[in-house]
Amino acid sequence: MTRPTKATIDLSALQQNAQRLRDRAPNSRCLFVVKADAYGHGIELVAPALQNLGDGFAVAHCDEGIALRHLGIEQPILILEGNFDANELALAHHHNLTVALTNSTQIADYLAIAPAQRPAIWLKLDTGMHRLGLTAAEIDDFAARTHQSQSTVLFTHFSDADQSDERTELQLQTLINLGSSLGYSMSAANSPALLRYPATHLDWVRPGYAVYGNPPTGTDAPDLQPVMTVQSRIHSLRTIAAGECVGYGSTWCANRESVIATIPIGYADGYPRSAQNGTPVLINGRIAELAGRVSMDLITVDVTNIGPVMVGDPVELWGKNLPVSVIADYNDLSGYEILARIPKRLPRIAVDL
Ligand SMILES: Cc1ncc(COP(=O)(O)O)c(C=O)c1O
């Protein structure tokens, strides 16, 4: 591999973040959320590094859960969206996956199977996000028909934990009212709730984004360190005259003689095509600005003002020294989306510093 573009994945930072999040919710058990290829970090690197630090994992669907089993993960695995058809419940049972029941079809699928063949379940309550989850009446009815044990977990998901305490409190109380009446364990906290709202910790927390070292919007967590750093090196340099333009569509034009560095990373590597002129790029530890439209394999950067640069100089697109949230905020994007969209083309290299 000679192309210098890669994402390094700092497994020590990952483990420290996991421990720090656990320390903030010391009385709760913890599922680390590793869906979408561990938020783009590479499930095969992340899951083994986290497996002794929590009480299990959560993923979106059964295929992701089975992939974890194939990696040798033996801890509990929660399937957050539950099954897509009845056959998946048998598969979940076979692989010892815990399935969330989140709608009435899933309830019907589950009730149609012989009790001995049923996978473990969590029950999801819709407390106001109106995306997934059962009504309180459906859960009461299910509880009466199946005699779930007290170890059953009732969970919900917050719509606004990064910004609205009022909505979060309302959702939390709705969960607690039903959970207490049924005597079930409870889970609600995603990363922003875990960091901002201790009352949401309950029996189980479910952090994702923060484990990867990214404080979600509205949270302050200086003790978390970015796990992924996307790096490359300058491929070529050219000097252009004032008035010349750069890249497809000529969206950036020089207002003075300018030095343009070309970096071998593009939208096919996960660098967002919508990134605007001026997006910060760290070269030799100094901030330069994206100049011109992002291509499939390349970007161009105005390095006129950052001192002498040479072909081969190091470039950081985001990571340890340039949080992904800065790139996201500059471009009105979500850091979650930038990470989750990184394709397999970008090599992930584990480092254990
Ligand atoms: C049901 C559920 N729980 C927990 C999480 C983790 O959220 P975060 O990445 O904000 O910690 C997610 C993420 O989307 C989710 O869908």
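The model is a predicted one, in which local features need pLDDT of at least 70 and side-chain atom pairs count only at pLDDT 80 or more, while totals for chains, interfaces and linings use all residues. Residues are numbered from 1 along each chain as its sequence is written, and side-chain values use heavy atoms, with hydrogens and water left out.

Staying with the place where the two domains meet, helices α1 (11–24), α2 (35–39) and α3 (43–50) are the elements that each give two or more residues to the side of domain 1 that touches domain 2. (Helices are DSSP runs of H or I with at least four residues, strands are runs of E with at least two, and both are numbered from the N terminus.) The residues on that side split into 7 nonpolar, 4 polar and 2 charged. In this sorting, Ala, Val, Leu, Ile, Met, Phe, Trp, Tyr, Cys and Pro count as nonpolar, Asp, Glu, Lys and Arg as charged, and the others, Gly among them, as polar.

As for the domains themselves, the assignment gives domain 1 (11–212) and domain 2 (228–351), with bounds that come from an automatic or database domain assignment. The contact takes 13 residues from domain 1 and 11 residues from domain 2, contact meaning heavy atoms within 4.5 Å. Taken over C-alpha atoms, the domain centres are 37 Å apart. About 1000 Å² is buried between domain 1 and domain 2, and carbon and sulfur atoms give 59% of it; this is the accessible area (1.4 Å probe) that two parts lose on being put together, summed over both. On the domain 1 side, G40, H41 and Y209 lose the most area to domain 2, together 47% of what that side buries.

The count between the two domains is 1 salt bridge, that is, a side-chain nitrogen of Lys or Arg within 4 Å of a carboxyl oxygen of Asp or Glu. K344 and D37 form a salt bridge too, with their closest N and O atoms 3.0 Å apart.

Stepping back to the whole chain, there are 11 helices and 19 strands, and the C-alpha trace spans about 75 × 40 × 35 Å along its principal axes. Of the 353 residues, 54% are buried, where buried means under 20% relative accessible area, exposed over 50%, and partly exposed in between (1.4 Å probe, protein chains only). Among contacts between residues at least 6 apart in sequence, 64% join residues at least 24 apart.

The salt-bridge count comes to 11. One of them pairs R24 with D223, the closest N and O atoms being 2.9 Å apart. R24 lies in helix α1 and D223 in the loop between β9 and β10, so this pair ties together parts that are 199 residues apart in sequence. R24 is partly exposed at 29% relative accessibility, and D223 is partly exposed at 25%. R24 also turns up around A221, which is in contact with R24, L195 and P215 once neighbours within four places in sequence are left aside. A221 sits in the loop between β9 (204–205) and β10 (228–233) and is buried, with a relative accessible area of 3%.

Another bridge joins R345 and D297, with 2.8 Å between the closest N and O atoms. R345 lies in the loop between α11 (335–340) and β19 (348–351) and D297 in the loop between β16 (286–290) and β17, so the pair links parts that are 48 residues apart in sequence. Through shared partners, salt bridges join R3, D269, D297 and R345 into one network.

T200 is another buried spot, with a relative accessible area of 0%, in the loop between α9 (191–196) and β9. Its side chain reaches the backbone oxygen of A193 at 3.4 Å, and a polar atom of the T200 side chain lies 2.6 Å from the backbone oxygen of Y197.

Y39 lies in helix α2 and is buried at 9% relative accessibility, whereas N96 is exposed at 54%.

Conventions
Polar contact = N/O pair within 3.5 Å; in protein donor to acceptor, adjacent residues only side chain to side chain.
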